[in-house]
Amino acid sequence: MSAEERQREIVGTARRAGSVDVGELAAALGVARETVRRDLRVLESHGLLRRTHGGAYPVESAGFETTLAFRTTMHVPEKRRIAAAAVDLLGDAETVFIDEGFTPQLIAEALPRDRQLTVVTASLAAAGALAEAEECTVLLLGGRLRGGTLATVDHWATKMLSGFVIDLAFLGANGISREHGLTTPDPAVSEIKAQALRAARRRVFAGMHTKFGAVSFCRFAEVGDFEAIVTTTGLPAPEAHRYSLRGPQVIRV
């Protein structure tokens, strides 16, 4: 197996499983651990993987994006903590935008049920989580449904969203970096996020520490566009401080 074939196999395994382990890859491919580590360095330099201690995980890109069903199986306790901390920032907001994705779905589930809220979302999962909340009015954006994420996109959705002024937007991303801002693989999704950003008076980013440093295809926001970033303690404190210098409060839970 050539280095190119081996690296292609590593990327495929990471995308199927969600992560890879150096030792397991070395055994499966019949090569030394150092060979695998060298492959991972190459793949990271190409923006396909992010290395961790002892392994790596795939970076979402224009050619690869995980499904909502897959995301519901990964890091669930951490995502619930993020969602709870994000909802704590609700303040006196009466109108809220909730992004597509599993962490935003958990934010929808964590919203208070004892006060009146109007929630705008492109996510069928988020809308479903709030469907029986008596004090909540849900406005579901129309448009083309993306099967993998169960969310609507395209001009129908952006046109509807452009008519609103929203108190607070909870947004996610496939990647966030100081250099390239917040990114996502799909241009149609990027436009929904950018329109929500324009419509909202306040913006909160909520996402796993694994998103930091990752860069996807379409940029829709800068770090400084947000009042707060909510993530896990997996983001080192010095790195969190560097993001906070761009403007937002960084909350690690």
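Two strands are taken as paired if DSSP finds at least two bridges between them. Helices (H or I, at least four residues) and strands (E, at least two) are DSSP runs, numbered from the N terminus. The model is predicted: local features need pLDDT of at least 70, side-chain atom pairs count only at pLDDT 80 or more, and totals for chains, interfaces and linings use all residues. Residues are numbered from 1 along each chain as its sequence is written, and side-chain values use heavy atoms, with hydrogens and water left out.

By these criteria, strand β9 (residues 166-171) pairs with β12 in the parallel sense over 5 bridges. F170 stands opposite V204 in β12. Strand β14 (residues 228-231) also pairs with β12 in the parallel sense, over 3 bridges. Here V204 has A228 of β14 as its bridge partner. Buried means under 20% relative accessible area, exposed over 50%, and partly exposed in between (1.4 Å probe, protein chains only).

Helix α1 covers residues 3-17. Its 15 residues reach 21 Å from first C-alpha to last, close to the 21 Å expected at 1.5 Å a residue. The expected span is 1.5 Å times one less than the number of residues. R6, Q7, I10, V11, G12 and A14 of α1 are buried. The buried residues of α1 pack against β1 (20-21), α2 (22-29), α3 (33-45), β2 (49-52) and β3 (55-58). Contact means heavy atoms within 4.5 Å. G18 follows α1 and has a positive phi, near 95°.

An open sheet of 3 strands has the order β1-β3-β2, with antiparallel pairing. β1 and β2 stand at the edges with a single partner strand each, so one side of each lacks a neighbour in the sheet. β1 and β3 run antiparallel and are joined by 2 bridges. V20 has A56 in β3 as its bridge partner. Helix α3 packs on the sheet and touches β1, β2 and β3. The direction of α3 makes about 135° with that of β2. Axes are lines fitted to C-alpha atoms, for helices over the stretch in contact, and angles run from 0 to 180 degrees between N-to-C directions.

Overall, the protein has 10 helices and 15 strands. Of its 253 residues, 52% count as buried. Residues 24 or more positions apart account for 59% of the contacts with a separation of 6 or more.
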